[in-house]
Amino acid sequence: MIFIIKRRMRTRYWRVNPFHPEKNKIIEAASLIRAGNTVAFPTETVYGLGADAFNPEAVQKIFTAKGRPADNPLIIHVAYWRHLEKVVQEIPPEAALLVRRFWPGPLTLVLPKSPEVPHVVTAGLDTVAVRMPRHRVALELIRRSRCPVAAPSANVSGRPSPTAADHVLKDMYGVIGGILDGGSTSVGVESTVLDLSSDVPTILRPGGVTREQLERVLKRVRVSSERENLNGDEFIPRSPGMKYRHYSPRGELYIIHGNIEKAVGKIKELVLNWQKEGKKVAVLCSRETQQHYLQNDFKADLLMVLGSRKEPKTVARKLYEALHRCDEENMDVILVEEFPFKGIGYAVMNRIIKASGNRIIQL
Ligand code: TXA
Ligand code: MG
């Protein structure tokens, strides 16, 4: 789908201290939310594009700015327990447990919705997704707005999520009311979406809170039919958002799956082949393999180290930034090493697989 955005709105910009946000700036941003406008703000995961969750016209502006399909529901961001009570029908004991353990933080709970939540937020579903972000700026904005704030990631639908204000401005300048720039986000991939409306709690989207962490609190946790590794079967969408093309940079992204030493050799061979065709080729690698791409006879057009294979948190923090950088540098092809599916690495690989549109090179 090609989406043409008309940039015609005045977009306010505030640079804020991420740890001690300046009160006057938050008040200005909150007044836009209260007036039914959209404001982008940092969370600990990615930047969100927020609007008053109880104002359907304001929420509609989010869908328009993002070019988001109307059947893909939004997450409601809350700052208080009282906000949670307002948007859901009831709070089951396991939800209370999870809230106590993981909020504020990168865990989104899907629960039966309160009838007061507008349909546009939940895309007509009878459940609602809720989370309390851990970022000071996000929390202060919600508090000063005096309403729960519906917010998806602040990118044009289908594109990589924004982990810095620059990424948001590239996609959204002139189509949103304002942006609070609180620097780079710390987690780097989105929240875990956990469905508590079915019998067994089910992870619909892996994210900042890992399955292992959830299993320490809940008796059973299921992972939706998302493929768990690169050999898995077809993937069937469970969460409405999962069926869409996602997180994709403009260049074609390929994952090289298999033994890491062989993968390095294959990547180098592929880079040279594509370069011969006149393509610009990026390589996204790990600290452990970096030196193999720095030898004399070889030069990728862009080489980005995502982090150590033993530190998935670093890789998570760097992933979207690397994808944005590939776009800025007009890469035609992006070759990515496979990273271990461990801890938050599971979410990282989930996003890389989606960004690849299943272009997986098996060794
Ligand atoms: O970390 C995050 O979650 C970020 C920040 C801004 O909070 N937000 C975010 O929102 O990633 P978004 O809209 O990009 O992704 C929300 C996901 C989508 O896959 C959507 O389909 C799913 O949550 N979702 C929302 N409401 C749902 C519901 N009622 N049932 C199932 N899935 C739902
Ligand atoms: Mg998103």
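1. Let's start with a pair of strands. Strand β5 (residues 107-112) runs antiparallel to β6, and the two are joined by four bridges. Within this pairing, leucine 111 has valine 128 of β6 as its bridge partner. Two strands are said to pair if DSSP finds at least two bridges between them. Helices (H or I, at least four residues) and strands (E, at least two) are DSSP runs, numbered from the N terminus.

2. A word on what you are looking at. This is a predicted model, in which local features need pLDDT of at least 70 and side-chain atom pairs count only at pLDDT 80 or more, while totals for chains, interfaces and linings use all residues. Residues are numbered from 1 along each chain as its sequence is written, chains are lettered from A and ligands numbered from 1 in the order in which they are written, and side-chain values use heavy atoms, with hydrogens and water left out.

3. Back to β6, which has another partner. Strand β4 (residues 75-77) pairs with β6 in the parallel sense, over three bridges. Here isoleucine 76 has valine 130 of β6 as its bridge partner.

4. Is β6 buried or exposed? Five of the five residues of this strand (residues 127-131) are buried, so β6 is largely enclosed by the rest of the structure. "Buried" means under 20% relative accessible area, "exposed" over 50%, and "partly exposed" in between (1.4 Å probe, protein chains only). In a regular strand, side chains alternate between the two faces of the sheet. Both faces of β6 are covered: Thr127, Ala129 and Arg131 are buried on one side, Val128 and Val130 on the other.

5. Helix α6 (residues 136-145) is worth a look next. Seven of its ten residues are buried, so α6 is largely enclosed by the rest of the structure. The buried ones are Val137, Ala138, Leu139, Glu140, Leu141, Ile142 and Ser145. What covers them includes α1 (23-34), β2 (39-41), β4, α3 (81-87), β7 (149-150) and β8 (178-181), where contact means heavy atoms within 4.5 Å.

6. Some backbone details deserve a check. Arginine 146, in the loop between α6 and β7, has a positive phi of about 55° although it is not a glycine. Arginine 146 is exposed, with a relative accessible area of 62%. Asparagine 330 also has a positive phi of about 55° without being a glycine. Asparagine 330 sits in the loop between α10 and β15 and is exposed, with a relative accessible area of 53%. And where is the cis peptide bond at proline 104? The bond runs from tryptophan 103 to proline 104, with omega near -10°, and proline 104 is in the loop between α4 (93-102) and β5.

7. Now find the open sheet of five strands, which pair in parallel in the order β14-β13-β15-β12-β16. Its edge strands, β14 (302-307) and β16 (360-362), each pair on one side only. Neighbouring strands are turned by 25° against each other on average, direction ignored. For such angles, axes are lines fitted to C-alpha atoms, for helices over the stretch in contact, and angles run from 0 to 180 degrees between N-to-C directions.

8. Zoom in on one side of that sheet. Strand β12 (residues 252-257) pairs with β16 in the parallel sense over three bridges, and isoleucine 256 stands opposite isoleucine 361 in β16. Helix α9 (residues 260-276) packs on the sheet, touching β12, β13 (281-286), β15 (333-337) and β16, and its direction makes about 175° with that of β15. Helix α11 (residues 345-356) lies across β12 and β15, running at about 130° to β12.

9. In the loop between α11 and β16 you will find asparagine 358. Asparagine 358 counts as partly exposed, at 40% relative accessibility. Asparagine 358 and tyrosine 254 are 104 residues apart in sequence, and 8.0 Å apart in space from C-alpha to C-alpha.

10. How do α10 and α11 pack? Helix α10 (residues 312-328) meets α11 at an angle of about 25°, with the axes 9 Å apart. The two helices are therefore roughly parallel to each other; angles under 35 degrees count as roughly parallel, over 145 as roughly antiparallel, 65 to 115 as roughly perpendicular and the rest as oblique. Residues of α10 in this contact include Val315 and Leu319, and those of α11 include Val348 and Ile352.
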